[in-house]
Amino acid sequence: MSETADRVKKIVVEHLGVEAEKVTEEASFIDDLGADSLDIVELVMAFEEEFGVEIPDDAAEKITTVKDAITYIDEHKA
Amino acid sequence: MFDLSGMTALVTGASGGIGSAIARGLAAQGARLAVSGSNEARLEEFRASLGGADHVALPCNLSDPAAVDALVPQAVAALGRLDILVNNAGVTRDNLAMRMKDEEWDTVIRVNLEAAFRLMRAAAKPMIKARFGRMISITSVVGQTGNPGQANYAASKAGLVGLSKAMGQELASRGITVNCVAPGFIRSAMTDVLPEAQKTALTGRIPAGDLGTGEDIAAAVVYLASREAGYVTGQTLHVNGGMAMV
């Protein structure tokens with residue numbers, strides 16, 4: 001597992017208060033992890049802070065799974 | 001009760017009549033302030049008059065969207081955090097609706113409603129992170145009752161109420177409350193110059209028998225800003241001597 005994936009999953013676990021084993025790459029934030037739309041906004045803010053990337057609103061809207069987040073961050077982080 | 005020490009606040013229109021009373025009220029309860037206004041010299045003079053703790057002045061033209069978007073980040077940078085946002089600034093461009101120019105409509109909506117939205121949207125970010133926030137917008141009794149000659153102003157003030165209810169619902173789970181204070185007739189430089197007969201007619205419509213003061217509004221803002229008011233959100237607190245009971 002990549003370093004990005006580890007850090008993303010850690011943030012998700014902390015923010016959503018879910019068990020680590022539930023946070024698979026395929027997991028959907030809303031359908032599988034019980035997030036609401038405001039949780040997603042917060043997660044995106046946390047990813048931006050952790051990785052020093054800027055995730056614009058149109059990109060953020062497309063991030064629905066853990067894998068989406070990891071992929072976006074890997075492609076855009078400095 | 002209502003101790004605001006350790007908290008910070010951004011107040012727009014802070015050098016005006018009601019705004020300065022609000023700023024003084026928050027500061028008196030211990031809050032550290034970023035005061036904003038369009039007149040740089042007057043704002044700096046007001047900031048200095050607050051004395052005490054390290055309050056900052058952040059001049060801003062609220063009809064300039066880019067300047068408005070920059071204001072909350074500036075306040076966070078200057079104060080280190082942002083607990084309280086008071087949207088107090090407002091303008092009027094009175095005219096009968098049929099004679100109202102596009103520009104008169106646009107200016108009032110942009111300053112009174114759109115700027116408030118932009119500031120609230122920006123403030124939500126640090127407040128969500130902190131799991132605490134107080135957004136308070138100064139609306140007006142005419143947002144509830146209407147007033148001939150003020151279609152633009154009444155719409156902007158009613159708009160603040162709806163905006164606050166929507167954002168109050170969005171942010172309640174994060175410890176952020178979003179409320180309005182609706183002044184009635186408040187004693188100000190504007191009402192001081194009214195002819196005596198008109199003042200008498202005005203007070204005749206107010207069961208309390210007198211105009212309100214900036215301090216009356218400030219007290220309502222201090223309450224809504226306090227930790228004690230954490231269970232109050234989406235509300236409009238009417239401070240009008242009974243002239244409109246809603």
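Asp210(B) is partly exposed, with a relative accessible area of 40%; here buried means under 20% relative accessible area, exposed over 50% and partly exposed in between (1.4 Å probe, protein chains only). Arg187(B) is also partly exposed, at 39%. The side chains of Asp210(B) and Arg187(B) meet in a salt bridge, 2.9 Å from N to O. A salt bridge is defined as a side-chain nitrogen of Lys or Arg within 4 Å of a carboxyl oxygen of Asp or Glu. Asp210(B) sits in the loop between α8 (196-204) and α9 (214-225), and Arg187(B) in the loop between β6 (176-183) and α7 (189-192), so the pair ties together parts of chain B that are 23 residues apart in sequence. Helices (H or I, at least four residues) and strands (E, at least two) are DSSP runs, numbered from the N terminus.

## Basis of the model

This is a predicted model, in which local features need pLDDT of at least 70 and side-chain atom pairs count only at pLDDT 80 or more, while totals for chains, interfaces and linings use all residues. Residues are numbered from 1 along each chain as its sequence is written, chains are lettered from A and ligands numbered from 1 in the order in which they are written, and side-chain values use heavy atoms, with hydrogens and water left out.

## The interface of chains A and B

Eight residues of chain B and seven residues of chain A make the contact (heavy atoms within 4.5 Å). The two chains bury about 610 Å² between them, 53% of it on carbon and sulfur atoms. Buried area is the accessible area (1.4 Å probe) lost by two parts on being put together, summed over both. In chain B, Ile128(B), Lys129(B) and Arg174(B) lose the most area to chain A, together 65% of what that side buries.

Four residue pairs are in polar contact across the interface, both residues at pLDDT 80 or more. A polar contact is a pair of N or O atoms within 3.5 Å; within protein, one must be able to donate a hydrogen and the other to accept it, and residues adjacent in sequence count only if both atoms are side-chain atoms. On the side of chain B that touches chain A, α4 (102-130) and α6 (151-171) each supply at least two residues. The largest share of that side, three residues, comes from α4(B).

## Salt bridges

The structure holds 16 salt bridges over all chains, and the count between chain B and chain A is six. In one of them, Lys129(B) pairs with Glu49(A), the closest N and O atoms being 2.5 Å apart. Lys129(B) lies in helix α4 of chain B and Glu49(A) in helix α2 (residues 37-51) of chain A, so the pair joins two chains. Lys129(B) is partly exposed at 46% relative accessibility, whereas Glu49(A) is exposed at 56%.

Asp36(A) forms a salt bridge with Arg174(B), with closest N and O atoms 3.9 Å apart. Both residues belong to a network of salt bridges that also links Asp39(A), Glu42(A) and Arg131(B).

## Backbone and cysteines

Arg131(B) has a positive phi of about 60° although it is not a glycine. Most residues other than glycine have a negative phi. Arg131(B) is placed in the loop between α4 and β5 (133-138) of chain B.

There are zero disulfides over all chains, a disulfide being a pair of cysteine sulfur atoms within 2.5 Å. The sulfur of Cys180(B) is 20 Å from the closest cysteine sulfur, in Cys60(B), too far for a bond. Cys180(B) is buried at 1% relative accessibility, and Cys60(B) is buried at 8%.
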